[in-house]
Every structure is written in C-alpha cells, then in structure tokens.
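Thanks, everyone, for making the time this morning.

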Amino acid sequence: MADLFSPKLTQAEINNVVWRACDTFRGVVDPSQYKDYVLTMLFVKYLSDVWKERRAELLTKYGGDQQRAERAMRLERFVVAEHGTFDYLYQRRTAANLGELINIALEELEESNRAKLEGVFRNIDFNSDSALGQPRDRNARLKHLLEDFSVLDLRPSNLEGEDVIGNAYEYLIERFASDAGKKAGEFYTPKHVSELLARLMAPHAGERICDPTCGSGSLLIRMARQVGSRNVALYGQELNGSTYALCRMNMFLHGLDDAEIAWGDTLRNPQLLEGDRLRRFDVVVANPPFSLDKWGIEEAANDVHNRFWRGLPPKSRGDFAFISHMIETTYEGHGRVGVIVPHGVLFRGGGEGKIRQRLIEDNLLDAVIGLPANLFFGTGIPAAMLLFKRARPTTDVLFIDASGDFEPGKNQNRLSEAHMARVVAAYAAYENEVQYAHRATTDELRQNDFNLNIPRYVNTFEEEATVDLAATQREIDRLETQLEGVRAELRGYLSELKFI
C-alpha cells in the first residue's frame, strides 16, 4: 500500500476504508447482521498484522533463527495460527469454500487463544446461506470484503497512535447503530451520553466497574478511560450473542483484555458471581433496554439472590428490575450506581412507585438528571440518568434539568462538551441553580408522593415581559395615522396618472 496513504495511517484514513468496506453488504444484508462480518474481519486483519510485525521483529532479533522466534511468539499477548491469518485467507479469496475457510480460521484463532477469545466467534457464521446468500453470491461478497481490507496495513509501526484501531472499531459500531435504527439500542449507547455518565460516576484506580447490560462495551470503555490507567477491573454481561462477541473484540482492541464479559440474561441468570453469590462492585453503570416487556417476573418472585426485596416491578416494564439488580451488586459501604432510564420511571405508580419510595427512604437516590430528547438511536423520547450512592452524607436529592442543552442533529441530537461540563459542575456543586438544578429535601419528595418528575422541582418557566397596554395603543394610533398619510399620497399619484 506504498502510495495509498501517508507514512502513518491516520484515524480518518482507516475510518474511511473500513466504512467503504461496508458497501459489500449494504442494501443486501441488514446492518444489524453485516456489522458482525465487517467488524470481525477488521479484528482478524489487525491481529494478523500485529502478529506479522512482531514475528519479523523477533526474527531480526534472533538473527533469523526460526525456532527461537517461534518460542518467543508463544509468550506474546495472543497467538495467530498460520491458517488463521488474514493473508492466508486473502490468498484463497477465490476458493469455492471461502466461507468455510474463514470459519475454520476463526475457530483456530479461538483455539489458540482460549483464555481471551474462547466463544467469541460462536455466533458468527461466514458460511451461512440465510445470512449471506447462496455460495456463488456469498463467495463474491466475502472476496470483496477481503480485498477491501487488504489495502490496510495495520501494523502498529504504521499507525498514527496506539488507539486508532480501537477508535475505528467504535466508529464503525456507532455508524452501524445509526443505520440499524430501533435495533441499535441492543448494542450501543451514544458516546457523548456514555462520556457524561462516566464523568458523573468519576471512577478511580483500583475500582471494580460493571455494566450488566454492556452491549458492545462502549460505556465500559468510557469508564476505563475516565480512570486514566489500566489499574481497573471491568466486568459486563450481555444477552445477545453477536453483541457479546463484539464486546469481547472491542475490549481486546482497546487493550482491555482482562475485562470479564459474560454471556447471558442478567435478570434471569446473572453470571458475574463469586461462589454462589452476586459479585460486588464499586461502580455499576448501564443503559438497559427501556421498559423491557417479559423481563422475567416469574423467576424474580423466587430469586435466589433476593435482588427484588423492595418489590417486584410490573411484568411488562423491567426498568426497576435492572435498577434493583444494579444496586444489589454494589458494595454495601461505598457502592455507586448510574443508570439511564425512560422518564416513566420517575413518576409511574403501582409497584414501581413503591420501589421508588423504598429507594428514597433507604437514602440511596443521589441525583435525577433530565436529558434532551432524541439522543438515542431508535427512539426520540427524552431519558434521564438516576445516580445512586450508598453511605450518602445527605438525605437530599439533586434534580438537574439539562433537557434544553443539546446540539441539534439531522438524525440524533448531541451533547456538546459545554453541555456535559455544565451537568458535571452542577452535580459536583450539589446546590440550587435557578432554572437548572434544585436540591430537594426528603420532606419535598414526600409531599410529592415520591414522584420524581423533574418539573416538580426545577422551575424552568420564564415569565413573559409585561406589556404596557397604553404605550402599545399609542404606537398603534401613530402607525395608523402614518398609514393614512401614505394612502392619501398614493391616491394623489394615481389621480395624476388618470387611474382614478
């Protein structure tokens, strides 16, 4: 690729190439499906190029001694077998069984890296008739995909910065989310929303951080970046098999290999355990599916972990089921929770109202933050962030109305740096701010029947300027007199011209 790019591949160049690679599938395969193939091939290409460069370095170091180089390669961060390399697949791009060869390569990649990649590709089938078409069409698409990625040289020495591959992966995931519409909520939280939540939670080194509905892992990655060091333990669980695979690959590409990501239903079958008990965390964050129907109320009534002791949420709305799980997985003395919810969570009555009241009476709710509408893919409804803390120094609850602070976009609105900074500053101050923030006492909450609807606490009404009726009438009289003079002058001109 000698003259295709500048000496160092930039983020924009990589993003453009990998997005063009999507044209192979666009319009033929649903974005929610072809994202798996494109992102997996980017992953394979990167691992192959890193492996190739490292092997060349070791051969140089050991004077061409193949055996010494191979022994040293077994101690590397990961292993790529000969049949698992991108180059091996590219050389066989015209093979009649190309989809099968790619599947075998993925199996070998998993087998060679059991500790880090076992099960990652189990839901991705490059040889599927139903997903990719009959053999002839499928082979043509896969050949084009290999050719698209062949122009990229992803060796670390050729990249402009160590994060560009992870960033490219995030870029693709976000683009797929925008294309996928309603399905996007299954696997991606917009990065500006994740960034705001990460800043509000302020995780620090040495903490355990969990996202029980982690999707492709973007929120966990933002939390790790907020810490600013690798001294952090990340955990997540994801129900969707292909999204779980994306998350595992995403963590790997961001250098977060040690993140423990489990596959399964968090509410029905939590996987993050210590012995037979729920694992505890310093920080738990999530953007759960809004008002999930059939979330598992039948099993919840006899939950072995006793997560729902404050009450059972309605079977058709699982919001408080996720909140209950998150709170019960935090450390008793200092755990923190940040969760994105639909506004109905703030005011709906019945079983949800009782759980909400218990959470407030237990002095766990720390802040309610209203977000603008149309921030999320697939839904235009406004959402809110609920922040919970154990061992709080106050019984007050801070309300922030940030619903009017956003940058409008064609498809989605966005939070700017200034908008995020304002929310974070208001939360840190934890004081009243006219038409923006209000620190509510327990008595206020009780007087409102523990309804958390933000307008009850933050008054954003702006009084209209007082109208001086007498002055307005004088101005009307002046304008009418002036208009009559103009009309008389116009009649004079028309008379001279014999029009009247």
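Let me begin with two charged residues, E170 and R222, both of which are buried. Please keep in mind throughout that what you are looking at is a predicted model. The side chains of E170 and R222 meet in a salt bridge, with 3.7 Å from N to O. Since E170 belongs to helix α9, residues 164–180, and R222 to helix α11, residues 218–227, the pair ties together parts of the chain that are 52 residues apart in sequence. In general terms, side chains of opposite charge can pair when their charged atoms come close.

R392 forms a salt bridge with D366, where the closest N and O atoms are 2.7 Å apart. That pair links distant parts of the chain, with R392 in the loop between β9 and β10 (397–401) and D366 in strand β8, 26 residues apart. R392 is buried at a relative accessible area of 9%, and D366 also counts as buried, at 4%. There is also a network of salt bridges, which links K45, D49, K52 and D87.

Now to the rings, where a search of the whole structure finds 14 aromatic pairs. One of them is Y235 with F281, whose ring centres are 5.2 Å apart and whose planes stand at 55 degrees, so the pair is tilted. Y235 sits in strand β2 (residues 233–238), while F281 sits in the loop between β5 (277–278) and β6 (283–286), so this contact ties together parts that are 46 residues apart in sequence. Y235 is buried, at 11% relative accessible area, and F281 is buried too, at 1%.

A further aromatic pair, F290 with F376, is edge-to-face, at 6.0 Å centre to centre and with 70 degrees between the planes. F290 comes from the loop between β6 and α13 (297–300), and F376 from the loop between β8 (365–370) and β9 (383–389), so the pair ties together parts 86 residues apart in sequence. How accessible is F290, and how accessible is F376? F290 counts as partly exposed at 25% relative accessibility, whereas F376 is buried at 4%.

Beyond these pairs, F43, W51, F78, F121 and F252 form one aromatic cluster. R77 lies over the face of F252, at 4.2 Å from the ring centre.

Turning to helix α2, residues 31–61, its 31 residues reach 45 Å from the first C-alpha to the last, close to the 45 Å expected at 1.5 Å a residue. This helix is mostly covered, with 23 of its 31 residues buried. Just after α2, G63 takes a positive phi of about 60 degrees.

Finally, the surface: L490, Y493 and L494 make a nonpolar patch of about 280 Å². L490 lies in helix α19, residues 469–496, and is partly exposed, with a relative accessible area of 48%. D468, in the loop between α18 (442–447) and α19, is partly exposed as well, at 46%. D468 and Y90 are 378 residues apart in sequence and 79 Å apart in space, C-alpha to C-alpha.

Key:
Residues are numbered from 1 along each chain as its sequence is written. This is a predicted model: local features need pLDDT of at least 70, side-chain atom pairs count only at pLDDT 80 or more; totals for chains, interfaces and linings use all residues. Side-chain values use heavy atoms; hydrogens and water are left out. Patches are made of residues with over 30% relative accessible area and no salt bridge: like charges are joined within 9 Å, nonpolar side chains (Val, Leu, Ile, Met, Phe, Trp, Tyr) within 5 Å. Accessible areas come from the Shrake-Rupley method with a 1.4 Å probe; for residues, only the protein chains shown count as cover. A salt bridge is a side-chain nitrogen of Lys or Arg within 4 Å of a carboxyl oxygen of Asp or Glu. Helices (H or I, at least four residues) and strands (E, at least two) are DSSP runs, numbered from the N terminus. Buried means under 20% relative accessible area, exposed over 50%, partly exposed in between (1.4 Å probe, protein chains only). Rings of Phe, Tyr and Trp (its six-membered ring) pair if their centres lie within 6.5 Å; planes under 30 degrees apart count as stacked, over 60 as edge-to-face and the rest as tilted. A charge sits over a ring if NZ of Lys or CZ of Arg is within 6 Å of the ring centre and within 35 degrees of the ring normal. The expected span of a helix is 1.5 Å times one less than its number of residues.
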